[in-house]
Amino acid sequence: MKTVAIITHYHYGCNYGGILQAYALRKYIEDLGYDAKVIDYAWVQSDILHTNNDNFKFVKVLKRKFNTLISLIKKYMQIYYFKSGKIRNRKFEEFREKQFKTTEFVNKDSINKLSEKYDFYIAGSDQVWNPMWFDPNFFLAFVGKDKRKIAYAASIGVSKLSEYAERKMKPLIDDFYAVSLREEQGVQMINRFSATEAVNVLDPTLLLTEKQWDNVNTNLAIKDKYIFCYFLGGNKENRALAEKVAKKYGLKIVSLPCVADISYEEFKWGDIRIFDAGPAEFIGLVDNSEFVITDSFHGTIFSIIKQKKFVVLKRNLMENSSSMNSRVVNLLKMVGLESRLVSRIDKIEEVLNKDIDYDTVEMRIDAKRKQSEDFLVKALS
């Protein structure tokens, strides 16, 4: 059996979308008949491609000091709020142990030992090519020259690349056998400078069907009917809109606080706050809701997978929202649900009162899933 190693954002953090897309890609490739493993890589940022080289050292020092302060604040809040970080970390670890096949643990100093072990190497999705945390290993720089390099649904996460970023990325991407990206904007950016033509494919989470996701779905015991609110941005107006909707429909707000966020509002907002949810429980919270209000890309995806009524709210302009909004727009455009991205209370009510033709949505996803599968099958053949 041919072997495949996938590198993506797997090792660190409690990112629901990140861990679920990693699970989906590995599972899908395994179902194609390959022995697929996720590389257990403790990655490090080696450069910030959106800064000038002359300013890089200053920016890096400033960023390190800022991150130290942020880490202290996060630590305090995690302890104060029922040790929420540890609780959630444990759920994520349980999911990893149960659902993943991984390589041995590696870091930047030891990842080269994997360079010849596998037949194929895939750079996965979830902003692995974002120039704000550039790491050559996410471009498979550690892989031997005789091995086939593939990018599946890699995401750049920004709307424009600097010339410096293009110069650093070009030789790495030119070395790929096949390249696909999650967003159309990313395809256009890469095709302007790379010799390897890029194509657009589905986010890995959409490669799996609702029935397949039900195999990892875990329901939480919530008696009240509720709106599931999953916000990654700190937009107070979005929370106020959600409260108005909940009051109108007589529903509770179940929130999933982002424990990586330092926002105090994030921790005290909502009628029922869930701190102990892992990836499987995340799917269950979507599944059992009356409808979903979110500003998250993967919150939107799982609302679609579970065929829920939902609305997507835009993030603040100060929160790097342009790339988030653009990838959500790409997704909604693909499935014909652009109207679900709203920003006003009257529009939210109008959208929620309108049924979604999920038969048509599924037809669109199936067509794109076929294209995505064709890309993978050809690249791995």
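1. A crossing of two helices is termed right-handed if the near helix is turned clockwise from the far one by less than a right angle, and left-handed if anticlockwise. The model discussed here is predicted. In it, helix 9 passes helix 10 in a right-handed crossing.

2. Helix 9 spans residues 279–287 and helix 10 spans residues 297–305; their axes come within 9 Å and cross at roughly 60°. Helix 9 is therefore oblique to helix 10. On the side of helix 9, the contact is formed by Phe282, Ile283 and Val286. Helix 10 contributes His298, Gly299, Phe302 and Ser303. By class, the residues of this contact comprise four nonpolar and three polar, with no charged residue.

3. The crossing of helix 7 with helix 12 is right-handed.

4. Which residues bring helix 7 and helix 12 together? From helix 7 they are Leu241, Lys244, Val245, Lys248 and Tyr249, and these meet Ile345, Ile348, Glu349 and Leu352 in helix 12. The contact of helix 7 with helix 12 has six nonpolar and three charged residues, and no polar ones.

5. The second largest pocket holds about 220 Å³ of space. Its lining consists of 15 residues, and those nearest the pocket centre are Arg182, Asn200, Asn330, Leu331 and Met334. Helix 11 (residues 321–335) supplies the largest share of this lining, namely five residues.

6. What is the division by class of the residues lining the second largest pocket? Seven are charged, six are nonpolar and two are polar.

Note on methods. Residues are numbered from 1 along each chain as its sequence is written. This is a predicted model: local features need pLDDT of at least 70, side-chain atom pairs count only at pLDDT 80 or more; totals for chains, interfaces and linings use all residues. Side-chain values use heavy atoms; hydrogens and water are left out. Helices (H or I, at least four residues) and strands (E, at least two) are DSSP runs, numbered from the N terminus. Contact means heavy atoms within 4.5 Å. Ala, Val, Leu, Ile, Met, Phe, Trp, Tyr, Cys and Pro count as nonpolar, Asp, Glu, Lys and Arg as charged, and the others, Gly among them, as polar. On a 1 Å grid over the protein atoms alone, a cavity is a set of points where a 1.4 Å probe fits but cannot get out, and a pocket is an open set with protein on both sides within 12 Å along at least five of seven lines; lining residues have an atom within 4 Å of a point. Grid points are joined across faces, edges and corners, and a volume is the space filled by probe spheres set on the points. Axes are lines fitted to C-alpha atoms, for helices over the stretch in contact, and angles run from 0 to 180 degrees between N-to-C directions. Angles under 35 degrees count as roughly parallel, over 145 as roughly antiparallel, 65 to 115 as roughly perpendicular and the rest as oblique.
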